[in-house]
Amino acid sequence: MKIPAWAMREESYEPDRDRDYFISRSLLRVMKVLFSFRHQARKTQWNHVSAVGALCFLIGWLILTVSAHGAAFLFCQLAFELLLLCLLDGRILRQLLGNALAAAAFSAFLVAPAIWLGNGGNVLLIPCKTFLTVAALGMLTEFLPWNQLTAAMRVFHLPQVVIFIFDTTLRYIVLLGEIAGEMLTALKLRSIGHNPHKGRALSGVLGVMFLRSREMSEEMYQAMVCRGYTGEYPATASWSLRRAEFCLLVIFLLFVLLYLRLEVMR
Amino acid sequence: MHIPENYLSPSTCAVMGAAMLPVWLMAVQKVRQEIPKEKLPLLGIGAAFSFLSMMFNIPLPGGTTGHAVGATLLAVLLGPWSACLAVSIALFVQALFFGDGGILAFGANCFNMAFVMPFSGWFVYRALKKMWPRHHILAAGIGAYIGINLAALCAAIEFGIQPLLFTDAAGQALYCPYPLWISIPAMMVGHLTLFGLAEVVFTTAVLGYLQKTSPALMTGAVPQTGKAVYGLLVLLIAGTPLGLLAAGTAWGEWDPAELAGQDFLGSQLGYTPAGMETGFSFEALFPDYAIAGLPDTFGYILSAVIGTALLILLFKVLASFSSGKTDYDSSVREG
């Protein structure tokens, strides 16, 4: 076969350098969020603790942390949280501890003037409390998948609408994130050379996403109505005290005793 | 054996710190090269073992106390460089959070307990293991005994040279007041007898237990840190209050006020060295493993839990940063 001359010619197209970091960066960001959602939903290691039990424990735990006045009780809480943290994987730990320490550093920055004005070392309890609360919340979301957590909210008699919006939001972040990821990949593959209309490219991605989300929400609502949705979220299965929850309860009661001993009767 | 703040002159501390710097750099490099990423968290558990063993104080007639260190055990299990790093970090946590050992004296404490001890213990162990390949636990025991005694000797020499080098115009010592002829016998009596024995018992007992329950740990394969290791840790934590039974202060670890009243070998000191009164002082979070407002036993257990967890967390996080080589061969062998 004879190859035409134009096909034989050496290509010498060298695209100008273009600053299209925004595509890569937003793509990476979307992927990161998606990864963390997927990773979050897949957890099975703490199946034996129900979300309701864990949430109740967390609320009680946070009340104790926030209302403590002395360092001694907070150290006891710190010991327990550090023990739980030891169960987590190194990479997750890095992120979780990083968040908690950053929050503690920020609150230390906020209370720093109080130390200079001579309010004593007690002010430093606030960064400690920040660390404890952020680490506790981080651990809860690490140990339990979010779909169980939203289901557990029903027990706390939150309005139906709130749970519905919360649940749908989380679900749609994943679905729309996938679409955004695909479109950004497509844009990245097709962006060769200098792209003078970056605004148009990005607004295109966002516009298509908005349209898709509207379509999807309508479709979902219709699908839900077809399956008998009447605006009611059924309550989660009846909740009974299992062995793991019993352990949590015992630990909580121990900490309440410690609290009484160290905070109330001192 | 933890040298407190102001017992050594700042210049001695600087020299010891400078001596440890290349050792630490080398240790980090060696660990990065030789220890697979999966085995790094094990270093944290090793450091936690060492931390806990140092909480078991043993009383000696005459009012002083001492403890095992566990550095040779770590050197046998993980290699001397890893042991050096693990014990250094355990000592750092002790100095920073629990006020056990001075911040300025950190270099000196590391030199004794994280460098001299694991390396000497490991060399003895290796030599003896070659001679009696079937009695490696005995070899580790002897290595541990020699290791802790060499470390104590180094600490005694560091204490003892202070009054020779640093005195004021009146001839009174500025820092540690006891010269070599007092410090060496005082340190060595305890370590040659009871504390050395404690180190041997700790090393051989833990090695024997681990050999039975998780032999993979001994052969150097990447082990699954199983229930056996964590069980042992929990047992040690629960047992730490035993260390409170020993009421005295370890030799060379008195407060400045306590020091002036020391009636050691019949010669009461009668003054507080000037360097200690005006020296650097550091407020640890939980001084002497006690937490204000809580019974001593509870504070001790809580300190043990916090220290152990901190060490394990630290090495887990460090392991997550390392992009070390994964040993695929081992998984092939196992699978």
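Predicted model: local features only at pLDDT ≥ 70, side-chain atom pairs only at ≥ 80, totals over all residues.
Just past helix α9(A), G228(A) adopts a positive phi of about 95°. Residues are numbered from 1 along each chain as its sequence is written, chains are lettered from A and ligands numbered from 1 in the order in which they are written, and side-chain values use heavy atoms, with hydrogens and water left out.

As for α9(A), this helix covers residues 198-226, 29 residues in all, and spans 42 Å from first C-alpha to last, close to the expected 42 Å (1.5 Å times one less than the number of residues). Its buried residues are A201(A), V205(A), M209(A), S213(A), M216(A) and M224(A), where buried means under 20% relative accessible area, exposed over 50% and partly exposed in between, with a 1.4 Å probe and protein chains only. An α-helix has 3.6 residues a turn, so residues three or four places apart point the same way. The buried set packs against α8 (160-190) of chain A.

## How confident is chain A?

The pLDDT, the predictor's confidence in each residue from 0 to 100, averages 81 over chain A, with 92% of the residues at 70 or above.

## L55(A)

L55(A) sits in helix α3 (residues 51-67) of chain A and is buried, at a relative accessible area of 14%. Apart from neighbours within four places in sequence, L55(A) is in contact (heavy atoms within 4.5 Å) with L140(A), L149(A), A152(A) and F156(A). The pair L55(A) and F156(A) is 101 residues apart in sequence, yet 9.7 Å apart in space, C-alpha to C-alpha.

## Chain B at a glance

Chain B has 13 helices and four strands, and 55% of its 335 residues count as buried. Take its contacts between residues at least 6 apart in sequence: 77% of them join residues at least 24 apart.

T72(B) lies in helix α3 (residues 71-78) of chain B and is buried, with a relative accessible area of 0%. Residues up to four places away aside, T72(B) touches M117(B), G121(B), W122(B), A140(B), G143(B), A144(B) and E199(B).

## Nonpolar cores

A nonpolar core is a set of buried Ala, Val, Leu, Ile, Met, Phe, Trp, Tyr and Cys residues joined through side-chain atoms within 4.5 Å. The largest one has 142 residues, and L85(A), M1(B) and F51(B) have the most contacts inside it. Helix α12 (residues 296-321) of chain B gives this core its largest share, 12 residues. A second, separate core of 12 residues includes I23(A), L176(A), A180(A) and L184(A).

Beyond four places in sequence, M1(B) has contacts that include H67(B), V69(B), N109(B), M113(B) and E253(B).

## Where the chains meet

The contact draws 19 residues from chain B and 19 residues from chain A. Between them, about 1500 Å² is buried, 82% of it from carbon and sulfur atoms; buried area is the accessible area (1.4 Å probe) that two parts lose on being put together, summed over both. On the chain B side, L313(B), K316(B) and S320(B) lose the most area to chain A, together 31% of what that side buries.

Note on methods. Helix = DSSP H or I, 4+ residues; strand = E, 2+ residues; numbered from the N terminus.
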